[in-house]
Amino acid sequence: MKKRTYGNEYGFQTRAVHTGNDVDQETGAIKRPITMANSYELPYDPSDLNWSSAGKSIYVRNGGSNQKYLQEKLASLEGGEDCIVLASGVAALSGLFFSLLKSGDHVIFSSVTYIAVYRLFHELLNTKFNIETTLVDTTDPVNVEKAIRPNTKLIHIETPGNPTLMISDIRKIAQIAHAHEALLSVDNTFASPFNQRPIELGADFTVESLTKYINGHGDAQGGAIIGSTHYLNIIREQAQINLGGVISPFNAWLIMRGVVTLPLRMRQHNENAQQAAEYLESLDCVRFVAYPGLPSHAGHGLAREQMAPGFGGVLSFGLKADHDTHNRFVSYLKVITSAVSLGHDESLIVFLGENDERQYLYPEVFHKGFFRFSVGIEDSKDILGDLQQALKKVNLL
Ligand SMILES: *Cc1c(COP(=O)(O)O)cnc(C)c1O
């Protein structure tokens, strides 16, 4: 049996289906099996093996087969040379930071990022590991340029940013980073590689939570770093083998199964979120809607350039109502579930009240409390209908 490879002459959808899968050599099964074994057979003379090598399968923490298949698929979808999959999106982010930074280095990061990134840079790496960090509103690349120091090693941005959906210019920030011999990592969780591929726009690394759109079914956690083999070998040895943030074979297998339908799901997420955003924006009782697909969004023009074919499935909005009414509205929803996370098949909503520790970093409309709404792939009419009936119950319609 010949190993089939799927290069870039094949489309995104074909690679989402086929890359990383092959006929199982032993059984002839056309889907590769889950290999739960911790260890792999050693060669006749193992005495000169590098036990920390990720090149050969030795032990599951060095790299199990399901993990490798998934890495092959994600590297292809993100357009990168190599990929590392780890136990969670946060394991991927912290793995990148801990592996590449050393004390005395300087990091610039987006003012709106996933909460763990904020805490790692704002509270841990700066105070315990002597890494200088500067929080910057990266929606304007001029702010990034101004924050550069001689020791700037890494710029980390998230676009669209969680939870304000702010958009940063990947291409321009990559140019700034490289002009100063710094690296750029981009958290691509909100867009997914279907809508945005940061490496093709000049970023050095894409980091993402596989827990969200990539798996897409709300039942497995994982994270990935995509980039050049040179840096990924360093990160693999540190983050995966020495820090140990390895993914389980079962989760890698589940995510491998989920990602096959990423293009189909993303099309529906894009379409449903656009409709939900337009519907909400048309209502008098809605205080604001933040969605990059709306012309009213400050980053809409840029999003049209760097996000194609769509703007993702997450939006934020607030009601012209008090705190309690926001919660009562959620309690009346029947199709949309009140739960954290995003990028699941089902619609999820979370009320972020007035006390978020990072509120001071958000635009003013977010200060009164708002919803982060991950629009699912249900029938659009049922999602809009659900919003409408709950708004009626709290007398806003
Ligand atoms: C959820 C999320 C993460 C963290 O991923 P986990 O898999 O939950 O660790 C990182 N970045 C963004 C933008 C996210 O939404």
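How far is an oxygen atom of the ligand from a polar backbone atom of Val-90? In this predicted model, the distance is 2.9 Å. Ser-209 takes part through its side chain instead. An N or O atom there is 2.8 Å from an oxygen atom of the ligand. The ligand on its own has 380 Å² of accessible area, and the protein covers 94% of this.

The shell around the ligand was examined next. There are 16 residues around the ligand. Those that come nearest are Gly-89, Asp-187, Ser-209, Thr-211 and Lys-212. By type, the shell divides into 5 nonpolar, 8 polar and 3 charged residues. Helix α4 spans residues 89–100 and helix α9 spans residues 210–214, and each supplies at least two residues of the shell. The most comes from α4, which gives 3 residues.

Attention then turned to the salt bridges. The structure holds 8 of them. One of these joins the side chains of Arg-119 and Glu-357, with an N to O distance of 2.6 Å. This pair links distant parts of the chain, as the partners are 238 residues apart. Arg-119 sits in helix α5 (residues 115–129). Glu-357 sits in the loop between β11 (348–352) and β12 (370–374). Arg-119 has a relative accessible area of 37%, so this residue is partly exposed. Glu-357 also has a relative accessible area of 37% and is therefore partly exposed.

A salt bridge also forms between the side chains of Arg-197 and Glu-200, at 3.1 Å from N to O. Arg-197 has 24% relative accessibility and so counts as partly exposed. Glu-200 reaches 51% and so counts as exposed, since the cut-off for that class is over 50%.

Arg-328 and Asp-324 form another salt bridge, in which the closest N and O atoms are 3.6 Å apart. Both residues belong to helix α14 (residues 323–331). They are 4 residues apart there, so about one helical turn separates them. Arg-328 is partly exposed, because its relative accessible area is 33%. Asp-324 is partly exposed too, with a relative accessible area of 46%.

A buried residue gives a further case. Asp-82 lies in strand β1, which covers residues 82–86. At 16% relative accessibility, Asp-82 counts as buried, because buried means under 20%. The side chain of Asp-82 is joined to that of Arg-236 by a polar contact of 3.3 Å.

Finally, the surface was searched for nonpolar patches. Ile-34, Met-36 and Phe-250 form such a patch. Together they have about 270 Å² of accessible area. Phe-250 is found in helix α11, which runs over residues 249–259.

Key. Residues numbered from 1 in each chain as written. Predicted model: local features only at pLDDT ≥ 70, side-chain atom pairs only at ≥ 80, totals over all residues. Heavy atoms only, no water. Near = heavy atom within 4 Å. Polar contact = N/O pair within 3.5 Å; in protein donor to acceptor, adjacent residues only side chain to side chain. Areas by Shrake-Rupley, 256 points an atom, 1.4 Å probe, with all protein chains shown as cover. Nonpolar A, V, L, I, M, F, W, Y, C, P; charged D, E, K, R; others polar. Patch = residues over 30% accessible without salt bridge, like charges linked within 9 Å, V, L, I, M, F, W, Y side chains within 5 Å. Salt bridge = Lys/Arg side-chain N within 4 Å of Asp/Glu carboxyl O. Buried < 20%, exposed > 50% of the residue type's maximum accessible area, 1.4 Å probe, protein only.
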